[in-house]
Number of protein chains: 2
Amino acid sequence: MKRKLSLDDIAKHFKVSKSTVSKALNDSHEISRRTKEKIVAYAKEHKYRPNLNAINLRKEPSLSVGVIIPNILNYFFAQVISGVEKILNDNGYNMIACISNESYKKEVAITQMLRKGAISGLLVSLAEETGRLDKIEHFEPFFNIGIPVVMFDRVSTKLQCDKVTIDDTKTAYNATEHLIKSGCKRIAVVSLLGDLEISRLRINGYSQCLKNHGIDLEQSLIFEKLEKSLMEVEIKKLLSSGKVDAILGLEEEAGVTSLLTANSLGIKIPEELSIICFTNGILPKYVRPSLTSISQHGYYMGERAAKQLVERIEQNGSEKTFKTEVIKTTMIERESTKLLST
Amino acid sequence: MKRKLSLDDIAKHFKVSKSTVSKALNDSHEISRRTKEKIVAYAKEHKYRPNLNAINLRKEPSLSVGVIIPNILNYFFAQVISGVEKILNDNGYNMIACISNESYKKEVAITQMLRKGAISGLLVSLAEETGRLDKIEHFEPFFNIGIPVVMFDRVSTKLQCDKVTIDDTKTAYNATEHLIKSGCKRIAVVSLLGDLEISRLRINGYSQCLKNHGIDLEQSLIFEKLEKSLMEVEIKKLLSSGKVDAILGLEEEAGVTSLLTANSLGIKIPEELSIICFTNGILPKYVRPSLTSISQHGYYMGERAAKQLVERIEQNGSEKTFKTEVIKTTMIERESTKLLST
DNA sequence: GCTTTTTACGAAACCCATTTCGAAAAACAC
DNA sequence: GTGTTTTTCGAAATGGGTTTCGTAAAAAGC
């Protein structure tokens, strides 16, 4: 088709050498004014763009790493990105940040773009839709070419690579147990997240904990995959029914919305209702009463994931066994839960 | 020094041709098992990494753009990044996101890294420290090489390039006027930001408005450059003194902290104290009472800045006049201000 | 008018990996 | 043992710029 215009093309057009063209475009004193003018004019007219790879071929090679996150407006992922960026920079890598916007299609497009781009490694947290569809073939080319991949937070068991996650099951278990120990008996789960592995794991942890404490699991208390627009209404219904004394929010927004809704209904927190939520972003600290939340240590997770990737890149595939690093979570106790009388 | 290991180096070491080495490393069937093994082993041992620019020279050139932001944990900048990313992606560019962390030194390091990297354009919002030191020489190389630069939000008048900003003076003026019209007379300014141009402009707008309404400017009511750790104490002092009936926060955190402090002191909002803050992030909506804030339309600003940059890149420097696009701000009225009886 | 200097440009090397094609050597068939 | 196929490898082209160095022509010097 219409191949990109190269120096040679311009050179042929004017029947000069490409060194002349190169010098003319770089405004070298070696080239006469008249020659420069016509070449520059021609280049401008035909929108000549030098091939940056060719230019950089002569310079020090610059290493870069692709990072795919579902949503940068999510504070947790912003933290991860911060950590990733720090480590990559310390090690002389550029970060090519890409945002999938929770869309499978976008994620595929990004991988295609990155594949032909110059990346030495890839960090990924799956889009919600990708988790739901459970399609991960678009990552295979990287494995084939030998570009190391490290997944973090939203990982897939289907992919054989290094991973950094939290123990979602255990964390949910502990949070639930904390609620039970503080006297709560009817604990609801509220979530916006869809069919992600982490949602299933968290709900598993919750269920196991109830079971171990002899509490019956009630499906009617589990509100998964709530539509963002409907969440407030649903929570209002739930709280008005008076059937619950605690809420476990699987992400920050669920917890905060529950808290604000309870406030508006005049429900006393934590006396009548305890709330714990995953993800310790900005909100839990600032809402009133402040919200007990679980820190997933996003910054640290980013650091660890980036570190693992850098190691993989530098060792260049000698080690063949993949490791999954599990980062400890921390429950930040605030005003939305009762103190345990230990 | 120790130049990077190239295919030729390995070839010389084994006295074979570099095509053999290349094929061996790519696990080609054309190469015998024994030859492959020893070459791969050697490459691994000496950490051979192919030059990606050389590889990509043969592929379609991939375009990328550098973006420097001061802090990704700031919701406003996260919004900008979202907008930037969308436009760049739509136009087939990669985004190389870099975080200066408000540090001049880091910003300089980033520009050096990007300079030798393959970027076709640069988007920048200055670090706080850079604004304070007022040193911007590290951007000059880009202008010399002809790599277009677009600044957004935290811009510098010293640099001749395209810019996208809000009208900080006017916005502060309008906010102040809104407070005055709603009956406030003693309006304090609270800010964490240091010597940034935007701080000066905002305070200018505030001052002008007071002047035009015949209110004397009191330096003791302007709290610039507050230390993050001291902010709460300072605000507490200010509010306890009972000398103010309104606060203009130059950024979200200042506004929210003021609001929470007022709450804890039992000061009624907005009856006894009105608050408006810049930057409409997540917090203003979720605190109680909710906080009137000024949306700077981060996402849109990102889109516009990226669009300007892409245009510059594609036209390749034919247009020589630089334009500054001013984005309209919007005041989102919430519960922290009194309604105007218009 | 002849020498020297300057100007203007071209040929070729260089950056580094991939890939095509040709050829030598080894393996196999008959 | 001769012919054929397969295996294994190398030379050279390719991609698109930059840069060095050499040289012819034009300008300047005396």
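Modeller: Start with Ser258(B). Beyond its neighbours within four places in sequence, Ser258(B) is in contact with Val190(B), Ile235(B), Leu239(B), Ile247(B) and Ile275(B). Contact means heavy atoms within 4.5 Å. This is a predicted model: local features need pLDDT of at least 70, side-chain atom pairs count only at pLDDT 80 or more, and totals for chains, interfaces and linings use all residues. Residues are numbered from 1 along each chain as its sequence is written, chains are lettered from A and ligands numbered from 1 in the order in which they are written, and side-chain values use heavy atoms, with hydrogens and water left out.

Biologist: Why is Ser258(B) called buried?

Modeller: Ser258(B) has 0% relative accessibility, so it counts as buried. The cut-off for buried is under 20% relative accessible area (1.4 Å probe, protein chains only).

Biologist: What does the side chain of Ser258(B) reach?

Modeller: It reaches the backbone oxygen of Ala254(B), at 2.7 Å. A polar contact is a pair of N or O atoms within 3.5 Å; within protein, one must be able to donate a hydrogen and the other to accept it, and residues adjacent in sequence count only if both atoms are side-chain atoms. The 2.7 Å distance is therefore within the 3.5 Å limit.

Biologist: Now the interface. What makes Glu85(B) and Lys106(A) a salt bridge?

Modeller: Their side chains meet at 3.3 Å, N to O. The rule asks for a side-chain nitrogen of Lys or Arg within 4 Å of a carboxyl oxygen of Asp or Glu, so this pair qualifies. Across the interface of chain B and chain A, the rule finds 2 salt bridges.

Biologist: How many residues of chain B are in contact with chain A?

Modeller: 54 residues of chain B are in contact with 54 residues of chain A. The area buried between the two chains is about 5200 Å². Buried area is the accessible area (1.4 Å probe) that two parts lose on being put together, summed over both.

Biologist: Which residues come nearest to DNA strand C?

Modeller: Of the 26 residues around DNA strand C, the nearest are Thr20(A), Lys23(A), Thr35(A), Leu7(B) and Arg58(B). Near means that one heavy atom of the residue lies within 4 Å of the strand.

Biologist: How do you know that Lys23(A) has a polar side-chain atom close to a base oxygen of DNA strand C?

Modeller: The distance is 2.6 Å. Ser22(B) has a side-chain N or O atom 2.8 Å from a phosphate oxygen of DNA strand C. Both values are within 3.5 Å, so both pairs are polar contacts.

Key
Buried < 20%, exposed > 50% of the residue type's maximum accessible area, 1.4 Å probe, protein only.
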